[in-house]
Amino acid sequence: MTVPLLDVHDLTIAFPAARPVRNLSFSVAGGETVAIVGESGSGKSLTALALMRLLPGAARISTGRISFDGQDLAVLREPAMRKVRGARLAMIFQEPMTSLNPVLTIGAQIVDVLRLHENLSRQAARARAIELLDLVRVADPHRRIDDYPHRLSGGMRQRVMIAIAVACGPRLLIADEPTTALDVTIQAQVLDLLDGLRRDLGMGLLLITHDLGVVGQWADRVVVMYAGRKVEEGVPEVILHRPRHPYTEGLLAASPRTAEGSSYRDGLLREIRGSIASAAGEQGCPFRPRCPKAAPDCGHAPPPAVVVEPGHLAACPVLNPPEARDAVA
Amino acid sequence: MTTARRVLKTLVRNGLAAIPTVLAIVILNFFLLQLAPGDAADVIAGESGAATEESMRQLRARLGLDLPVVAQLQAYLSNLAQGSLGFSPRYNMPVADLIFQRLPQTLMLLGMALGFAFVLGVTLGTVMALNAGRWPDRMISVLTLLLYSVPGFWIGLMLIVLFSIKLGWLPSGGAETIASGFTGLDLVLDRLRHMILPSLTLSLFFIAVYARLTRAAVMEVAEQDFVRTARAKGLSGFTVGFRHVLRNALLPVTTLAGMHIGGVLGGAVVVETVFSWPGLGRLAFEAVLRRDYNVLLGVLLLSSFVVIIANMLVDLLQAWLDPRIEVR
């Protein structure tokens with residue numbers, strides 16, 4: 001197997017009083033789309049910010065390795081990290097309405113990043129910015145480039161954000177819930193755009209979402225997170241149709257069926273009882289307090305993710321009795 | 001329509017809208033002044049040491065003070081409509097000449113004080129915000145609290161004691177060295193030296209206000225999503241702070257600065273008196289003592305013009321700083 005573009009190993013993010021992401025490992029290959037799925041509070045956004053080394057104030061990476069393109073981002077010094085950010089590793093955020101600076105034209109904000117990393121002249125950067133706006137399919141880019149963000153719709157702003165992110169041809173693009181704040185009709189357009197750019201630019205895409213519908217259509221591989229841990233990983237067909245972890249099963253049962261000929265009227269959506277807050281202070285499997293299949297054994301230690309079939313990992317002690325744990329991934 | 005024409009239209013419209021405001025200010029001030037006990041005739045009589053009922057009556061008749069209040073107002077307004085601010089019997093010259101003689105001095109003082117306040121206030125506020133909770137923040141906090149609560153005239157006197165008397169670095173008052181014969185650059189430098197202490201005194205309170213406001217604004221803006229975007233681009237801390245944070249944080253500060261111009265003018269009365277600065281503030285102060293109401297009304301009218309014009313300029317500045325405020 002070739003070395004993946006991004007290889008996160010045993011990542012733990014710590015606040016002074018809590019560890020919202022624990023022992024997380026996953027990888028993204030060049031040109032691959034990996035989706036991280038989980039409910040609010042599962043640590044997916046923090047993971048993304050940790051990769052960018054933009055964790056909020058008190059949070060820090062306490063253990064783990066983030067191998068990206070030959071460097072360990074977890075220990076890289078800030079000046080070197082600044083050369084990575086926006087250039088080889090880029091990120092777009094959930095809130096397009098507030099993610100652009102209101103007092104600068106969108107052109108200025110694209111030119112910003114181009115001039116920083118590409119050493120272009122003012123005119124060349126502007127010409128490139130117009131190309132980029134065209135690339136993300138903003139109509140009439142020559143005129144739009146001098147517009148301020150408040151003149152643009154949410155979808156347009158997210159396109160501008162994408163233009164900024166891909167401006168320097170990053171190897172990996174992190175998209176943190178890029179469509180959550182957008183109209184349903186715009187969501188598919190934006191995801192198609194991201195997918196097309198991934199293919200054309202040959203970059204890896206780390207898609208963070210809570211929308212299982214998005215996963216099925218756009219991801220090559222899915223990592224399901226719960227309470228800061230990876231609970232299951234596999235290709236979308238397997239995760240969406242043959243999940244092994246009770247949490248993934250619960251998530252699917254709580255989603256509207258999107259299969260052909262089905263309707264939300266076919267049956268009630270099931271909830272996962274309890275709240276993710278119950279995972280706090282849990283010694284064993286974090287999902288145990290809410291798990292319908294919980295066994296007495298589950299409270300001892302957090303279960304490791306093990307291979308349940310080729311390319312399919314799950315972290316559940318009920319599924320993986322101790323004798324099967326030789327195959328630890 | 002070009003931006004220049006739009007700006008011009010806005011200015012004209014705002015200017016027209018200011019006319020009723022100015023009229024209301026004149027009338028209100030007129031009646032307020034009537035509430036003060038005594039009039040110019042009393043002051044003149046008091047200064048001369050003796051006066052008879054007869055001479056007082058003559059004096060009042062000559063100054064127009066024997067007319068009913070409404071008639072006096074009418075006379076003042078009709079004068080004003082003809083572009084005249086009236087005549088000052090004390091200075092024996094038209095009020096307009098008197099005021100325009102003094103206006104440049106006050107405007108210079110005002111400009112320099114606001115400049116000090118803005119530059120120093122924003123700098124201190126930014127330093128505080130960047131070090132929030134640590135010792136530079138706490139130290140400047142104490143300093144601003146001090147500046148905020150100590151009266152301007154006292155600070156002015158203390159500055160004179162320190163810089164003029166003890167150290168002898170700066171002059172203690174006046175606008176220029178009398179009979180120095182300076183010309184050209186020497187004259188400008190001499191005037192600047194005279195301006196430093198009064199404008200600093202006038203600005204200290206506002207330095208404190210802007211520093212505290214800037215601190216709050218910078219800390220709020222620094223939390224915004226677009227700042228994270230800027231950092232995600234790989235921009236350095238300085239570029240993020242200057243280009244993305246400070247520019248947005250300046251919006252509330254400029255709003256407040258515009259509203260404070262009136263307050264600075266008020267402070268000028270005290271500071272000009274302490275530093276014997278030949279400006280409008282001291283003229284107003286003396287006019288009050290002498291019940292020279294024509295002069296006082298003229299100063300107040302002109303001050304309201306200054307405030308209105310300054311606010312219009314601040315509006316334009318804001319539209320330039322923040323594209324979301326489009327000049328309509």
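**Close-up views of a predicted two-chain model**

**View 1. Strands β6(A) and β7(A) side by side.** Strand β6(A) is joined to β7 (residues 172-176) of chain A by 4 bridges, and the two run parallel. Look for Ala90(A), which sits opposite Leu173(A) in β7(A). Everything here is a predicted model, where local features need pLDDT of at least 70, side-chain atom pairs count only at pLDDT 80 or more, and totals for chains, interfaces and linings use all residues. Residues are numbered from 1 along each chain as its sequence is written, while chains are lettered from A and ligands numbered from 1 in the order in which they are written.

**View 2. The open sheet of 8 strands in chain A.** Follow the order β6-β7-β8-β3-β9-β10-β12-β11 across this open sheet, whose pairing is mixed. At the edges you'll find β6 (89-92) and β11 (306-309) of chain A, each pairing on one side only. Neighbouring strands are turned by 25° against each other on average, direction ignored; the angle is taken between axes, meaning lines fitted to C-alpha atoms (for helices over the stretch in contact), and angles run from 0 to 180 degrees between N-to-C directions.

**View 3. Strand β8(A), covered on both faces.** How many of the residues of β8 (residues 204-209) of chain A are buried? The count is 6 of its 6, where buried means that 20 or more other C-beta atoms lie within 10 Å of the residue's own (exposed is 12 or fewer, partly exposed is in between, and C-beta atoms are placed from the backbone). In a regular strand the side chains alternate between the two faces of the sheet. On one side of β8(A) sit Gly204(A), Leu206(A) and Ile208(A), and on the other Leu205(A), Leu207(A) and Thr209(A), all of them buried.

**View 4. The partners of β8(A).** Strand β3 (residues 33-37) of chain A pairs with β8(A) in the parallel sense, over 5 bridges, and here Val34(A) has Leu206(A) as its bridge partner. The pairing of β7(A) with β8(A) is also parallel and also has 5 bridges; in this pair, Asp176(A) faces Ile208(A). To get from β7(A) to β8(A), the chain passes through helix α7 (residues 184-201) of chain A, making a right-handed β-α-β crossover. Right-handed means that, with the strands pointing away from the viewer, the path from the first strand over the helix to the second runs clockwise.

View 5. Strand β9 (residues 221-226) of chain A runs antiparallel to β10(A), with 5 bridges joining them. The two form a hairpin with 2 residues between them, and Ala227(A) in the turn has a positive phi of about 50°. Strand β10 (residues 229-234) of chain A is mostly covered, with 6 of its 6 residues buried. Strand β12 (residues 312-314) of chain A joins β10(A) too, through 2 bridges in the antiparallel sense, and there Glu233(A) stands opposite Leu313(A).

**View 6. The open sheet of 4 strands in chain A.** This sheet has the order β2-β1-β4-β5, with antiparallel pairing. Strands β2 (21-28) and β5 (71-72) of chain A stand at the edges with a single partner strand each, so one side of each has no neighbour in the sheet. Strand β1 (residues 6-14) of chain A is joined to β2(A) by 5 bridges, and Val8(A) has Phe26(A) as its bridge partner.

**View 7. Inside the largest nonpolar core.** A nonpolar core is a set of buried Ala, Val, Leu, Ile, Met, Phe, Trp, Tyr and Cys residues joined through C-beta atoms within 7 Å. Of the 97 residues in the largest one, Ile110(A), Ala163(A), Leu172(A) and Leu206(A) touch the most other members. Helix α6 (residues 154-166) of chain A gives the largest share, 8 residues.

**View 8. Where chain A meets chain B.** Chain A brings 23 residues to the contact and chain B brings 19, a contact being two residues whose C-beta atoms, placed from the backbone, lie within 7 Å. On the side of chain A that touches chain B, α3(A) gives the most, with 4 residues.

Technical notes: Pairing = 2+ DSSP bridges.
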